[in-house]
Amino acid sequence: QVQLVESGGGSVQAGGSLRLSCVASGSIFGFNDMGWYRQAPGKERELVATISRGGNPNYADSVKGRFTISRDNTKNTVYLQMNSLKPEDTAVYYCRANVGIIGARDYWGQGTQVTVSS
């Protein structure tokens, strides 16, 4: 059974930093693309960053230069280092992992709240 467990959310002032972690388990063959998404109240869920199994990252324009996504395949863990946080970054952040070869599907974490005050 695939599970994603997130941690690291919290409340910080603008300009501060947070590091989110997501530990994935339940896949014998590891995980394909992994990523972070966020959803603010009244807004649609949006992509923040993704990273391929081989470690190639992609970022939303709004976080480029401030956030860094990384992964450790030996630990089945994906990280999101968030620096220079802005109030606009306030949202629930969700971890997503793609699992499988034939019939691959996405699994989601429970979400972790990030609040940035001005």
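Visitor: Where is S27 placed?
Guide: S27 lies in the loop between β3 and β4 (34–39). Strands here are DSSP runs of E with at least two residues, numbered from the N terminus, while helices would be runs of H or I with at least four residues.

Visitor: Before going on, what kind of model is this, and how are its residues numbered?
Guide: This is a predicted model, in which local features need pLDDT of at least 70 and side-chain atom pairs count only at pLDDT 80 or more, whereas totals for chains, interfaces and linings use all residues. Residues are numbered from 1 along each chain as its sequence is written, and side-chain values use heavy atoms, with hydrogens and water left out.

Visitor: Back to S27: buried or exposed?
Guide: S27 is buried, because its relative accessible area is 16%. The term buried means under 20% relative accessible area, exposed means over 50%, and partly exposed lies in between (1.4 Å probe, protein chains only).

Visitor: What does the side chain of S27 reach?
Guide: The S27 side chain reaches the backbone oxygen of G30 at 2.5 Å.

Visitor: Changing topic, what is the strand order in the open sheet of four strands?
Guide: The order is β1-β3-β8-β7, and the pairing is antiparallel. Its edge strands, each pairing on one side only, are β1 (3–7) and β7 (67–72). Two strands count as paired if DSSP finds at least two bridges between them.

Visitor: How are neighbouring strands turned against each other?
Guide: On average the angle is 15°, direction ignored. Axes are lines fitted to C-alpha atoms, for helices over the stretch in contact, and angles run from 0 to 180 degrees between N-to-C directions.

Visitor: How many bridges join β3 to β8?
Guide: Six bridges join these antiparallel strands, and V23 has T77 in β8 as its bridge partner. On another side of the sheet order, β1 pairs with β3 (residues 18–25) over five bridges, also in the antiparallel sense. There, E6 has C22 in β3 as its bridge partner.

Visitor: And which residue stands opposite D72 in β8?
Guide: D72 stands opposite T77. The two strands, β7 and β8, are paired antiparallel over six bridges. D72 itself belongs to strand β7 and is partly exposed, because its relative accessible area is 22%.

Visitor: What else is D72 in contact with, leaving aside its neighbours within four places in sequence?
Guide: On that basis D72 is in contact with T77 and Y79, where contact means heavy atoms within 4.5 Å.

Visitor: What is the phi of N76?
Guide: Phi of N76 is near 50°, a positive value in a residue other than glycine. Most residues other than glycine have a negative phi. N76 belongs to the hairpin of β7 and β8, which has four residues between the strands, and N76 is partly exposed at 24% relative accessible area. S84, in the loop between β8 and β9, also has a positive phi, of about 50°, and is not a glycine.

Visitor: Why is strand β8 largely enclosed by the rest of the structure?
Guide: Five of the six residues of β8 (residues 77–82) are buried, so the strand is largely enclosed.

Visitor: Which residues touch the most other members of the largest nonpolar core?
Guide: Of its 29 residues, these are W36, V48, F67, V78, L80, M82 and Y93. A nonpolar core is a set of buried Ala, Val, Leu, Ile, Met, Phe, Trp, Tyr and Cys residues joined through side-chain atoms within 4.5 Å. Strand β9 supplies the largest share of this core, five residues.

Visitor: Which residues does the disulfide join?
Guide: C22 is joined to C95, with S to S 2.2 Å; a disulfide is a pair of cysteine sulfur atoms within 2.5 Å. The pair links distant parts of the chain, with C22 in strand β3 and C95 in strand β9 (residues 91–99), 73 residues apart. The link is left-handed, at -85° about the S-S bond. C22 counts as buried at 0% relative accessibility, and C95 counts as buried at 0% too.

Terms used
Polar contact = N/O pair within 3.5 Å; in protein donor to acceptor, adjacent residues only side chain to side chain.
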